[in-house]
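Subject: Structure handover and notes

Hello,

My notes come after it.

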Amino acid sequence: MTGEATSEATASGPEETASESVSVPITEPSGEVAASESKGEEQAEEPQEPQEPQDPASQALAPTAPTVTKPAPPSEDVPSAPLLLTVEDVSSSSVTVSWEPPEKLGRLGLQGYVVEICREGTSEWVPVNTRPMMVTQQILRNLALGDKFFLRVAAVSSAGAGPPAVLDQPVHIQEIIEPPKIRVPRHLQQTYIRQVGESINLQIPFQGKPKPQASWTHNGQVLDGKRVNVRSGDQDSILFIRSAQRSDSGRYELTVRLEGLEAKAAIDILVIEKPGPPSSIKLLDVWGCNAALEWTPPQDTGNTELLGYTVQKADKKTGQWFTVLERYHPTTCTISHLIVGNSYYFRVFSENLCGLSDSATSTKELAHIRKADIAAKPKGFIERDFSEAPSFTQPLADHTSTPGYSTQLFCSVRASPKPKIIWMKNKMNIQGDPKYRALSEQGVCTLEIRKPSPFDSGVYTCKAINVLGEASVDCRLEVKASATH
């Protein structure tokens, strides 16, 4: 056969035979079987000597382990036994068997195969299919859980059935065993932390078929049924503690067992509470605006590591507490920037994952920040002499003006003491002339010439004089006459 044909059949009881034919998928016969069948048809036209078909009952086996009685050597008309009879699959309600065609198909050709079973404890072979079927694989369905039977297959021709091929071992229908497996949730793969008084509810799913047996232990010991409730189902196990105590901390191990197989999962639980205050505190020293403290760790850390200490201070006058340090790990510290003249108390809290301790340890003595006896020693003041002779930092610049339009001349001078400013035109003092207006402010000297005329052209000089000396600068002013037409 070019393809493997498969047939499904329903196994009957020990005293029942299959009353209905089983539907057979359409398959293509192999060359060997097809050739044998055609050869058998040609030979069927020739007269044949009648042969008595073999009685299946004559091949009954022993009650506990049926065996096949060797028949007489088959004639050339009867096919030989099928080859390579194998159980391919066994489930909780079915079995699949397959085989290969016999080596000899017989002169009359092959009509099909008959599958028979003999249940353990009986000697009767019951046919699964009443009609021969041209398949080399068959599925027996609707079998009862716990059934145990022997199975054989015989090739059939028109002359009768040939010798059967029998399985060496009985087939046992039993529930498929799925090895147990525990799936621990991700949040339980690390230490599971709860506070005292909170509930613990662990739901751990698992797999396994048939239903496995689940059991719990706490630190290798059996659980205390008064405190811990456990409920296990088909797919999970739940551990519940209504009000957790620190004694519930430890390793809980779930074991799932099934048919000699087992799976284990460990879950670490830590039950914590607030820590106690530091055992003692001491004011070591006070100097300047600083105070040094030292304390000892608490006797009870709350069943977990400390996150540090919180240090606070309070002024004796106000009594209000202010935090100086938070989550401070050492057990000594120096508190600075205290106010001179004030007196301070100090206290220290312990802190863990649950928070600060309910109480703090306080210093009994006050830290007095005293005023230091400091005498001021002023240094002698040396007066600097800023006296300076006049010097011009910005000289006068030559300027051209238009008649009838007022113009200004600028320069800047530096001197100490303040110098006397004198303006001159062509070396003649022009102080008091109403045509000119002289200004001096912050060292800037300005000369305003009101409505100049060509007569006002000339050389202008600015002279600065003080007790230390004098200085002068000059420029040329040109007033151009208006053009006449």
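The notes below go from the whole chain to single residues.

This is a predicted model, in which local features need pLDDT of at least 70 and side-chain atom pairs count only at pLDDT 80 or more, while totals for chains, interfaces and linings use all residues. Residues are numbered from 1 along each chain as its sequence is written, and side-chain values use heavy atoms, with hydrogens and water left out.

**Confidence**

pLDDT is the predictor's confidence in each residue, from 0 to 100. The protein chain has an average pLDDT of 82, and 83% of the residues reach at least 70. Residues 1-5 have a pLDDT below 50, and this stretch makes 21 contacts in the model beyond near neighbours in sequence; contact means heavy atoms within 4.5 Å. Residues 11-65 also stay under 50, with 107 contacts beyond four places in sequence.

**Overall make-up**

The protein chain contains one helix and 37 strands. Both are DSSP runs numbered from the N terminus: helices are H or I with at least four residues, strands are E with at least two. Of the 485 residues, 38% are buried. Buried means under 20% relative accessible area, exposed over 50%, and partly exposed in between (1.4 Å probe, protein chains only). Among contacts with a separation of 6 or more, 65% are between residues 24 or more positions apart.

**Nonpolar core**

A nonpolar core is a set of buried Ala, Val, Leu, Ile, Met, Phe, Trp, Tyr and Cys residues joined through side-chain atoms within 4.5 Å. The largest one has 21 residues, and those touching the most other members are Ile-182, Ile-200, Leu-202, Ile-204, Trp-216, Leu-239 and Ile-269. Two or more residues each come from strands S13 (200-209), S17 (236-241), S18 (250-258) and S19 (261-272). S19 gives the largest share, five residues. Leaving aside residues up to four places away in sequence, Leu-239 touches Ile-200, Asn-201, Leu-202, Trp-216, Leu-223, Val-228, Asn-229, Val-230 and Tyr-252.

**Aromatic pairs**

Rings of Phe, Tyr and Trp (its six-membered ring) pair if their centres lie within 6.5 Å; planes under 30 degrees apart count as stacked, over 60 as edge-to-face and the rest as tilted. The count is five aromatic pairs. One of them joins Trp-295 and Tyr-309, whose ring centres are 5.6 Å apart with planes at 70°, so it is edge-to-face. This pair links distant parts of the chain, 14 residues apart: Trp-295 is in strand S21 (residues 290-295) and Tyr-309 in strand S22 (residues 308-315). Both Trp-295 and Tyr-309 are buried. Together with Tyr-328 they form one aromatic cluster.

Another pair is Tyr-344 with Phe-346, and this pair is stacked because the centres are 6.4 Å apart and the planes at 25°. Tyr-344 is buried at a relative accessible area of 4%, and Phe-346 is buried at 0%.

**Charges over rings**

A charge sits over a ring if NZ of Lys or CZ of Arg is within 6 Å of the ring centre and within 35 degrees of the ring normal. Arg-152 lies over the face of Trp-125, 4.2 Å from the ring centre. Lys-425 has its charged end over the ring of Phe-455, at 4.7 Å from the centre.

**Cysteines**

With a disulfide taken as a pair of cysteine sulfur atoms within 2.5 Å, the count is zero. Cys-462 is in no disulfide, and the nearest cysteine sulfur, in Cys-411, is 3.7 Å away. Cys-462 is buried, at 0% relative accessibility. For Cys-475, the closest cysteine sulfur is also that of Cys-411, but at 8.6 Å it is too far for a bond. Cys-475 is buried as well, at 3% relative accessibility.

Ser-215 is in strand S14 (residues 213-218) and is partly exposed, with a relative accessible area of 29%. Not counting residues up to four places away in sequence, Ser-215 touches Glu-253, Leu-254, Thr-255 and Arg-257. Its C-alpha atom is 8.5 Å from that of Ser-232, 17 residues apart along the chain.

Glu-441 lies in strand S34 (residues 436-441) and counts as exposed, at 62% relative accessibility.

Regards
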